[in-house]
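This report describes the chain shown below, going from overall figures to one helix.

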Amino acid sequence: MIVYMDNLVFEESVNAEVEQSEFISKKFIYVNDSNSQNYTSQVVIDSTPLANSGGWINWSEGYIVMPLVVEIKADTAANLNGANAKLADHAWAFRNGFWNMINSMTLEFNNQNVVQQTPFLNVFRSFKSHTSWSKDDLLNEGSTTGYYPDNAGSWSYAPTSVNTNENSSNGVGLCNNKAVGKSYATCPVAGAAITTATPFILATASAGKNVAGVASEGASNPSGLYGGAYSYNEGFTKRSEWYGYDPIIDTLGQGLINSSASSVTMFRPVKLAQSATATGTQAWSVMAKLRLKDLSDFFLKCPLLKGSTIRFYINTNQTTINFTKTVGTIDAAGVVVQHALLTAPTVNVIGGLSNPLMVASTANGQGSAPLIADNYTLSVSIFKSPSGYQSSLTSCRLYAPVYKMNPLAEQRYLQLAPTKKVDYEDCFQYQFNNISGGESFNILVSNGISDIQSVLVVPFLTPTANGTTYNTLLSPFSTSGATPDPIMLNNFNIIISGVNLFLNNQMYDFEQFNQELKSSNQLNGSLTTGLASGLISEDMFSRGYRYYYGNCARILPSEAGVSRSVQIQGLNTSSVACNLMVFVTFKRSLTIDISTGARIE
């Protein structure tokens, strides 16, 4: 170790500084979408103005800004008017990652398809981010991309809604929407309604006990007690705080410097002023940043190009959630007698197949606890909400940097690589439904796919197992889509053209995590200590992030381009039925003329 340190000191001393950049300028240019403020389902963006700029475009640095408006509306207008206007401030959050606004995306490069339309793209891109981002990426880009991982062990399950079941305060079915650890607010009047409790106020009692000093539950693991590692979903909390800035009621006085109006002007995520023409509503403006390299592997592999045009067809996930809060009561000692209930009878899909929003728990001290018992409607829209709230940005924008090279560097670049072959990954998606608890499965996924790179299996509860008429991907209480559902699969294997991918069927959590998932998209395959990426640990895998993955890219050169069949087999060891979503990635290639951006067949 000392030798390495001494060599580093010496090399840094003798190395000369780079004196000249290969570029003489770098400017970000943006283009607006072609929707003319019509955003019912699809966003179309044409990058022709970028192609006409005359510079070199670096697509891997590009991103799309999508102006979102989140609105919550009460059936009884007074419940969100006047002094009650702040009650919904912590009642919602986005699912993890703004790519959950996208159901599918098609890319055309110079009028030819390079990325096919694949539904549930958000599910696959969530997996890629979980397994490739580092903690530094999370620090630098988390807030602008809406990405902060959900707690793997803080989920609860209540297949039916009963006011004597504390988990029913979180919602029906699989839920992971608690913003703080369990706490009880004091209430001296027996039978008082839990409808206007101040959010995030902890009881005047020791952690793990109610205000009467009585332990509220046993020593379970995971525990919902305040202070426990799995007592709440910190990812939900972070995302709620990032997009709920409201300087009007800010107790720190920051609004005296940075007002709401100034935040709107700066396109900062902010709570909008209440509309006089839309009583009983509150709304928030959020600028969602979608990095191109988070949406497709094509952008990550694409070189500097001049003159090329890319057209985006983005099919969005937009929903309207009807949810209901009913009253709960506590006794004079502060013990809950009846829990406030949270239900969502319907989730209306405007576009897409997933729900990008979550509703906070109504348990005492949680984000929706302050809401007065009523029926509410929560929605997310691009640019304009149902009640007329508008974002200050009126269209989606594509940003990308355009570089100008100095002549010598440009000449050398064209000489070294006049054409460039781009190898990248695309994917197919398949779904297999109603695998009962305790049931074995052996499923033919596809008869033939060439250049297979990987197979990913993502389990989700069925609507019946979730206690709802819709699946967990649409549930406003779960993190599904941004995470798998916690279904344990045993005796698992992937079979490629009749040959098992794994020598022995994977039986145990440590096998499934260490042999495949840990190295799936990580830097250096997670082989280097001290230099790594990936945000899923073995504990997170075993408690909630149950992705089942296999690397299928190891083949003989003679087998390249040969179609191979894909099967999966295993056993659903959980007690409930599940659906299996399968993503098969495969290699695609195209050759590009670097100087013109033309595609060479």
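**Overall figures and helix H4**

The chain exposes about 25,100 Å² (Shrake-Rupley method, 1.4 Å probe; for residues, only the protein chains shown count as cover), and carbon and sulfur atoms supply 53% of that area. This is a predicted model, in which local features need pLDDT of at least 70, side-chain atom pairs count only at pLDDT 80 or more, and totals for chains, interfaces and linings use all residues. Residues are numbered from 1 along each chain as its sequence is written, and side-chain values use heavy atoms, without hydrogens and water.

Of the 601 residues, 53% are buried (under 20% relative accessible area, against over 50% for exposed and in between for partly exposed; 1.4 Å probe, protein chains only). Among contacts (heavy atoms within 4.5 Å) between residues at least 6 apart in sequence, 79% join residues at least 24 apart.

| Element | Residues |
|---|---|
| Helix H4 | 135–145 |
| Helix H5 | 234–242 |
| Strand E12 | 281–291 |

Which residues of H4 are buried? They are Leu138, Glu141, Gly142 and Thr145. These four lie on the same side of H4 because they cover an arc of only 135° around the axis, taken from the directions from the helix axis to the C-beta atoms. The buried residues of H4 pack against H5 and E12. On the other side of H4, Asp136, Leu139 and Asn140 are exposed. Just after H4, Gly146 has a positive phi of about 70°.

Note on methods. Helices (H or I, at least four residues) and strands (E, at least two) are DSSP runs, numbered from the N terminus.
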